[in-house]
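Welcome! Here is a short briefing to read alongside the sequence and the 3D view.

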Amino acid sequence: MNWLRGIVSRSAAQEKTSSENVERKLLPNREYLAFVIEELKRQPGRTGILPLRGRSMRPFLEHERDKALLQIVDHVKVGDAVLAEITPGHYVLHRIIKMDENGEVTLRGDGNLGCEYCKVEDVRAKAIGFYRKGRTKPDSTDGRKWRIYSWWWTRLYPIRRYLLFMWHPHVPVRFKKNKQS
């Protein structure tokens, strides 16, 4: 079972105050994410910080290094990074790559080659920014850097497999040389 520890929620005013005002919890993913979503729904405009787990949003976002700044929104569009519940209790933070008129949403993590699917109503929150590399100021998803990265990375999908291997080569254990001293 995965465990997350993170900052549950903050209002814009709390971001400027000391960390004493930040509530902390240690829960399994299923409970933690449901809690974060409920906290965000309680007050419109509230944001929450989610520590990222997994490698599905590589190369821009890294496992246990970066955090997503989430907010409940009324509308999402293709290109948005969203927190979606793809099956009951199973959440993913991936980019929307397609939406159809029936409310079907196709998601793909930037570090993934395959897709996942849900309905528009299963989208729980939108990432409005990311705290990367230990920074205290988030990179906004409306900012120039994120938009340029997103534009290029989504168009490189046909060669993404090779680019991801160059960034993070995964050599199976059976092919590694046995180093014995």
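This is a predicted model: local features need pLDDT of at least 70, side-chain atom pairs count only at pLDDT 80 or more; totals for chains, interfaces and linings use all residues.

Residues are numbered from 1 along each chain as its sequence is written, and side-chain values use heavy atoms, with hydrogens and water left out.

**Overall build**

- The protein has four helices and ten strands, taken as DSSP runs (helices H or I, at least four residues; strands E, at least two) numbered from the N terminus.
- Starting at the N terminus, the order of elements is β-α-β-α-β-β-β-β-β-β-β-β-α-α.
- Of the 181 residues, 40% are buried (under 20% relative accessible area, 1.4 Å probe, protein chains only).
- Among contacts (heavy atoms within 4.5 Å) with a separation of 6 or more, 52% join residues 24 or more positions apart.

**The second largest pocket**

- A pocket here is an open set of points on a 1 Å grid over the protein atoms alone, where a 1.4 Å probe fits, with protein on both sides within 12 Å along at least five of seven lines; lining residues have an atom within 4 Å of a point.
- The lining of the second largest pocket has 16 residues, and Gly79, Asp80, Arg95, Trp146 and Ser150 lie nearest its centre.
- Strand S9 (123-131) and helix H3 (144-155) are the elements that each give two or more residues to this lining.
- H3 supplies the largest share, six residues.

How values were computed:
Buried means under 20% relative accessible area, exposed over 50%, partly exposed in between (1.4 Å probe, protein chains only).
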